[in-house]
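Hi,

Here is the structure I said I would pass on.

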Amino acid sequence: MNNEQPKFTPLKILNEHERSEIIAILEDNFGIKKIEGIMLQRGKERLFLYKGSFTEKQIKNLEYEIPIERVGVYFAKIIEDQKSKERYIKLSIEGIQLLKDQITKNIYELQSDEQADSWMKGQDLNIKTALRGFIAIKYKNDFLGCGKASAEKIGNFIPKTRRLRDKSIIK
Amino acid sequence: MNFKSKSQPKSRKYEPKPEFVERIKLLLPDEKDYNDYVEILNYPPVRSIRCNTLKISPDKLKKKLEEKSWIVKQPWKNHEEIMIVEGKIIGKKRNNQKEKDSNIKINNQQKIQAKQDFEQPTSVGDDNFGVVVGDVVDLEPGELGRALEHMLGYYYIQELASMLPIIALKPKPNELYLDLCSAPGSKTTQAASEMLNTGTIIANELSLGRIKILASNLEKNGVTNAIITKKDGIALCKRLKKNLPEIKFDKILVDAPCSGEGTLRSSPITYQMWSMRTVHTLSQIQKQLFASAFGILKVGGEMVYSTCTHAPEENEQVVNWALNKFENAIQIEKIEIPVKSRPGITKWKDEDYKEEVKHACRIYPQDNNTEGFFLAKFKKLKEVEE
């Protein structure tokens, strides 16, 4: 191996304890009990999931030689409450889709094409529900990402690149 | 000819350079063939998509799209995931089987009209047109890209010819696969589907801007078995060979940067950008890319070299050069693809190429109503002595 250090921010592969913490939060919030694959963290909060055949060691060896931009898919973000220091997990659209078979609670089912349309345009849903915190949004058989439910609304986290634009496209 | 879609021919903003015309006439000496080629360049390519089977089955996707009143065809029998969206029905939805009998009489005229409007776009399609009611219109500009199913990653918008390298290479589950020039990710996501998200894909790209698009596409398509690397393709291969010799790939795709002569239907600005100097420069880079990639291919492994250009300097010349350079270590293979293709040429101007170069495939737009493409497949027979 050569002595050149990788110029990219080093990949952080989560250890068993760190993985367990993430899964425990997801179990509490969504009922998710098990996540297969290697979990990685970039920066303070972005989590990636890699389910390929490389071992952790092989990934690290590759990173030493070649700048790695990404491993696997961005599936979640760690959110820490500034006051309570409590940690939450916000799943990305892909995270929700990858783990949808295990999501058993905190699901809000959209009620109409119009509501699904608004959601996919990135608009908050001004509705009152009994749900609180991070929830999975579902419409018919499709999971449409993650929202945050409060007393008055469901906050929308659909990233700009995944939003529907202009007129209704759902139907 | 049989390529016209509902779309009107575009007025040509750019004109081909005389040298380009002269070269194409050399490649297409038959006058009718040449005229067909020139004619089809005036029409945009058909709207083709590939179902992302990591997320949804082709049947389910087709049903969803037809519920939106889109007219969807599956042109290649053994590739149900590949679809063409020919337009949509306004007024009433496309009929299901139950409604078919009751509507067929009163809407017969419209059915005939719809069939006339949408001619069969390829020579290898099955006719599943069915019965339609209401007016048939073209999709709105951008409608394919902003549909919910696209946003959710259920399909990838990909030109038909661009799907051929992966069909030829056939990456399989649990293999180690390298996509040397990966962005924007069309073929990488296609490979991930074929590999059922198992094994490992190394998706390499040098440009950070293009990496962002690649990462976004891999993410949208739920690709969990890929590692995106940022390195010049030639340097990447050399580094791997020298410092990580245990990494040898089962399959490699070298979809090389090229002069883009095959993309004139979707990108007419290529007429203006084209130059012989670029062709010669790219030819040198392509040879280096080929040789570097071949060095990290497993013995018994397979590699596809492809471009979206017709220029022999970037195609057969590269293939011929590689066959000579690697002699007994390389074998060019016959390719199975679901479209009409023409064999690689064995003579271009003053150069003669090996007979085996005929196993390469030239895809001309007028043959299948696609863009233009070139591909050749190789097997590594033994390690190359340095």
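Let's start with the open sheet in chain A: this is a predicted model, and in it four strands line up in the order β7-β8-β9-β10 (chain A), with mixed pairing. The edges are taken by β7 (107-109) and β10 (154-156) of chain A; each has a single partner strand, so one side of each has no neighbour in the sheet. Going from one strand to the next, the twist averages 45°.

If you zoom in on one end, β7(A) runs parallel to strand β8 (residues 133-139) of chain A, and three bridges join the two. In that pairing, E109(A) sits opposite K138(A) of β8(A).

Now over to chain B, which splits into domain 1 (48-150) and domain 2 (161-380). Where the two domains of chain B touch, 16 residues of domain 1 are in contact with 20 residues of domain 2. The area buried between domain 1 and domain 2 of chain B is about 1400 Å², with 56% of it on carbon and sulfur atoms. On the domain 1 side, the residues that lose the most area to domain 2 of chain B are R50(B), L54(B) and W76(B), which together make up 45% of what that side buries.

What about salt bridges between domain 1 and domain 2 of chain B? The count is zero.

Chain B and chain A bury about 3500 Å² between them, and carbon and sulfur atoms give 59% of that.

How many salt bridges cross the interface of chain B and chain A? There are four. One to click on is the pair E65(A) and R239(B), whose side chains meet in a salt bridge at 3.6 Å, N to O. Polar contacts across the interface of chain B and chain A come to 17 residue pairs.

Cheers

Conventions:
Residues numbered from 1 in each chain as written. Chains lettered and ligands numbered in written order. Predicted model: local features only at pLDDT ≥ 70, side-chain atom pairs only at ≥ 80, totals over all residues. Heavy atoms only, no water. Pairing = 2+ DSSP bridges. Axes fitted to C-alpha atoms, helices over the stretch in contact; angles between N-to-C directions. Domains from an automatic or database assignment. Contact = heavy atoms within 4.5 Å. Buried area = accessible area lost by both parts, 1.4 Å probe. Polar contact = N/O pair within 3.5 Å; in protein donor to acceptor, adjacent residues only side chain to side chain.
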